[in-house]
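Here's a friendly walk through one structure, from its ring pairs and cores to its salt bridges. Have a look at it first, and then we'll go through it piece by piece.

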Amino acid sequence: MSWELLLWLLALCALLALVVQLLRFLRADGDLTLLWAEWQGRRPEWELTDMVVWVTGASSGIGEELAYQLSKLGVSLVLSARRMQELERVKRRCLENGNLKDKDILILPLDLTDRSSHEAATKAVLQEFGKIDILVNNAGRSQRSLCVDTSLDVYKELIELNYLGTLSLTMCVLPHMIERKQGKIVTVNSLLGIISAPLSSGYCASKHALRGFFNCLRTELATYPGIVVSNICPGPVQSDIVKNALYKEVDKSVGIDVAQPHKMATSRCARLMLISMANDLKEVWIADHPFLLVAYLWQYMPTWAWWLTNILGKKRIENFKKGLVRPIYTIFNIYQSCRKCEIFECLKTFLNYSHQLHDINTKDIKKKKDVCIPHAYLLVYYKLLLVLEKDVSKGKIKSETVILSSVLFE
């Protein structure tokens, strides 16, 4: 075989490898290291069995789904959040669908902003199970507002909860892990801890701070190879994070359920998190395209990323000013946001009225006996949105930010 032919074969192999990697990337919903670990790495079913896992923010979203998947692996679970009733609900479902007994799950109400309670909470877990193998720092809150419109108290709340609260709990658990010379500290960060996006300045700041802290902590713990520090950076995932996001003032939230078909399923995100834990990955990105592509651009082509972010950011701000909540959300999405009524007849009547909004008087809607009061007000508000959108499009009124108050859902 001549050298020329050998070089051609090597070039062909390199080109083929590049094409394969490109195809893998186009179909990816996580960074390539994570997907390789999913394919060839250790299985969570092998690695995480019999461990004690403490999950904060376990009452909803990623934390809730993670608890369900962990319950099938034979771990001992500690579930923490502020809402006791929701934690009880999650525990019941873990017992119904998992492989655990009642004694294997500890419900531990916890407010991350109450840092004085973290030491006692840690002692309670150690007293119950004798060890903490994995701490999953999942609790947190987002933000949706322009920087110039946002109270300083919002930024303070985000830093207290997302950053300082997480640090405080980690520092309470860390001495125990150092004593045992093993453990995993898993922090649910965000792609916004890598990139930046408008309307989330406080949230981005708290997540960038988290990433910096835990990257530094990992280096400081280099003499303890048994202690793994992992940053999990999800993109958009189906959850209540936007609904619960702070808006302008610390006592205001967005307060609506938005359509989420474009977001990753929570179950897939939780599964990839388990794979990351089983393989001791230091940082993983979990997102569908185009969000994953944007993260890679920020990492390897920051100049292009800034250019693209400025273009998309302007559009995002324009849409926000025109109306954060618009009738693009279906009536069914709006119905789902009211969870007080689960009567099928009410749903059927509600959907029927929604198709006749132009024929219904606002006063008549409130008088309807077969629709619960929250749904009646939702119909009134939706009708108002339809009128506002038409007036905005015709230039009759100026574009104003429309926020559906959380009062409507209480």
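A quick word on naming: helices (H or I, at least four residues) and strands (E, at least two) are DSSP runs, numbered from the N terminus. What you're looking at is a predicted model, where local features need pLDDT of at least 70, side-chain atom pairs count only at pLDDT 80 or more, and totals for chains, interfaces and linings use all residues. Residues are numbered from 1 along each chain as its sequence is written, and side-chain values use heavy atoms, with hydrogens and water left out.

**Salt bridges**

Let's start with charges. A salt bridge here is a side-chain nitrogen of Lys or Arg within 4 Å of a carboxyl oxygen of Asp or Glu. By that rule there are 14 salt bridges. Three of them are set out below.

| Pair | Closest N to O |
|---|---|
| Arg115 and Glu160 | 2.5 Å |
| Lys184 and Asp280 | 2.3 Å |

Glu86 and Arg89 sit three residues apart in helix α5 (residues 84-97), so about one helical turn separates them. To say how open a residue is, we use relative accessible area: buried means under 20%, exposed over 50%, and partly exposed in between (1.4 Å probe, protein chains only). On that scale Glu86 is partly exposed at 25%, and Arg89 is partly exposed at 27%.

Arg115 and Glu160 form a salt bridge with their closest N and O atoms 2.5 Å apart. This one links distant parts of the chain: Arg115 is in the loop between β3 (105-107) and α6 (118-129), while Glu160 is in helix α7 (residues 152-180), 45 residues apart. Arg115 counts as partly exposed, at 37% relative accessibility.

Lys184 is buried, at 13% relative accessibility, whereas Asp280 is partly exposed at 28%. Both also belong to a salt-bridge network that links Arg42, Glu47, Lys184 and Asp280.

**Aromatic rings**

Now for the rings. Rings of Phe, Tyr and Trp (its six-membered ring) pair if their centres lie within 6.5 Å; planes under 30 degrees apart count as stacked, over 60 as edge-to-face and the rest as tilted. There are five aromatic pairs in the structure. One of them joins Trp36 and Trp39 edge-to-face, at 5.1 Å centre to centre and with 90 degrees between the planes. Both of these Trp residues lie in helix α2 (residues 32-40), three residues apart, or about one turn of the helix. Trp36 is partly exposed, with a relative accessible area of 46%, and Trp39 is exposed at 60%.

Tyr296 and Tyr300 make a stacked pair instead: 5.9 Å centre to centre, 25 degrees between the planes. They are four residues apart in helix α10 (residues 291-300), so they too are separated by about one helical turn. Is Tyr296 buried or exposed? Tyr296 is buried at 18% relative accessibility, while Tyr300 is exposed at 58%. Ring pairs also bring in Trp285, giving a cluster of Trp285, Tyr296 and Tyr300.

**Nonpolar cores**

A nonpolar core is a set of buried Ala, Val, Leu, Ile, Met, Phe, Trp, Tyr and Cys residues joined through side-chain atoms within 4.5 Å. The largest one has 60 residues, and those with the most contacts inside it are Leu70, Leu77, Val136 and Met273. Helix α9 (residues 266-278) gives the most to this core, with seven residues. Another core lies apart from it, with 27 residues, among them Leu112, Met177, Leu210 and Phe214.

Contact means heavy atoms within 4.5 Å. Leaving out residues up to four places away in sequence, Leu77 touches a list of residues that includes Val53, Val55, Leu100, Ile105 and Phe129.

**One last stop: Thr309**

Thr309 is in helix α11 (residues 302-322) and counts as buried, at 16% relative accessibility. Which residues does Thr309 touch, not counting those up to four places away in sequence? They are Ser196 and Trp298.
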